[in-house]
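My notes follow the order in which I looked things up.

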Amino acid sequence: MSPDPIADERDEFGIPIVPAVSNVSQRKRESIVAAATDEFLAQGYAAASVDTIASGAGVSKATVYKHFGNKERLFLAVVAGCLPKAYADLKPLNSHIAEAPDLRAALIELSSEWARILLSDDIMRLRRLCIGEVGRFPQLGDLWYRVSYDMNNGPLIAAFTELGERGELDVPDPVLAVQQLVAVSLGVPQLVRTFRPDAEFDAEELTRVITSGVDTFLARYAPGRAPAS
């Protein structure tokens with residue numbers, strides 16, 4: 001059995017709380033996280049080897065356990081660290097949608113950034129990893145939802161609410177509106193890339209899909225448009 005010197009403290013979402021360390025130890029921790037990320041993405045949780053992670057990080061196996069306690073805590077900490085970084089570039093764009101002089105252009109730019117980030121190889125590998133392990137670790141699903149909401153959906157919901165209050169959009173349900181924008185702009189490309197890792201999207205075709213999706217969204221939520229009965 002692996003040594004587990006760290007108390008199994010977790011946040012309200014079930015993600016391990018990893019104690020702070022000194023600057024020297026922080027460099028070792030970063031090396032462990034980098035090696036663990038590569039190993040978990042390549043092998044999944046069950047097949048991943050802590051020995052391989054330690055070797056890749058240039059530390060002993062005991063050092064890995066000293067920082068993270070056990071393999072499960074290391075896995076959850078790695079995923080929890082990767083997700084916010086993946087979505088970080090989207091938050092500023094979402095936050096400025098309500099002030100954009102050209103809403104259509106701003107939504108196309110935002111959706112294009114979604115495509116760049118969410119369809120990237122790294123995020124797709126992380127997505128597949130979480131899908132494969134969510135039965136074992138249901139907190140991964142909660143984590144993905146929480147991070148994507150806080151850094152993506154949440155700011156956009158607030159922006160759509162403000163645009164609705166100003167009469168620039170007719171959005172009785174901003175939460176649904178955000179979900180629909182994601183679906184019509186990136187839904188199919190994301191689904192294809194999730195289950196067909198080798199699938200490639202031509203930049204011109206992806207732009208056409210995104211632009212059409214944004215236009216469909218704006219046609220539905222244009223002020224004064226009566227909703228379908």
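Predicted model: local features only at pLDDT ≥ 70, side-chain atom pairs only at ≥ 80, totals over all residues.

I read along the sequence and got the pattern α-α-α-α-α-α-α-α-α-α for the protein chain. That is 10 helices and 0 strands, where helices (H or I, at least four residues) and strands (E, at least two) are DSSP runs numbered from the N terminus.

Residues are numbered from 1 along each chain as its sequence is written, and side-chain values use heavy atoms, with hydrogens and water left out.

Next I checked burial. Of the 229 residues, 42% count as buried; buried means under 20% relative accessible area, exposed over 50%, and partly exposed in between (1.4 Å probe, protein chains only). I also looked at contacts, meaning heavy atoms within 4.5 Å. Among those with a separation of 6 or more, 71% link residues 24 or more positions apart.

Then the core. The largest nonpolar core has 65 residues, and Phe-40, Phe-75 and Phe-160 are among those with the most contacts inside it. Such a core is a set of buried Ala, Val, Leu, Ile, Met, Phe, Trp, Tyr and Cys residues joined through side-chain atoms within 4.5 Å. I clicked on Phe-40: setting aside neighbours within four places in sequence, its contacts include Tyr-45, Leu-74, Phe-75 and Leu-129.

An α-helix has 3.6 residues a turn, so residues three or four places apart point the same way.

Is Phe-137 buried or exposed? Phe-137 is buried, because its relative accessible area is 4%. Not counting residues up to four places away in sequence, Phe-137 touches Tyr-45, Glu-72, Phe-75 and Leu-76. Leu-76 is 61 residues away along the chain, yet the two C-alpha atoms are separated by 8.4 Å.

Last, Phe-195, which I found in helix α9 (residues 174–195). Phe-195 counts as exposed because its relative accessibility is 59%. Together with Ile-131 and Leu-191, Phe-195 makes a nonpolar surface patch of about 330 Å².

Terms used. Patch = residues over 30% accessible without salt bridge, like charges linked within 9 Å, V, L, I, M, F, W, Y side chains within 5 Å. Areas by Shrake-Rupley, 256 points an atom, 1.4 Å probe, with all protein chains shown as cover. Salt bridge = Lys/Arg side-chain N within 4 Å of Asp/Glu carboxyl O.
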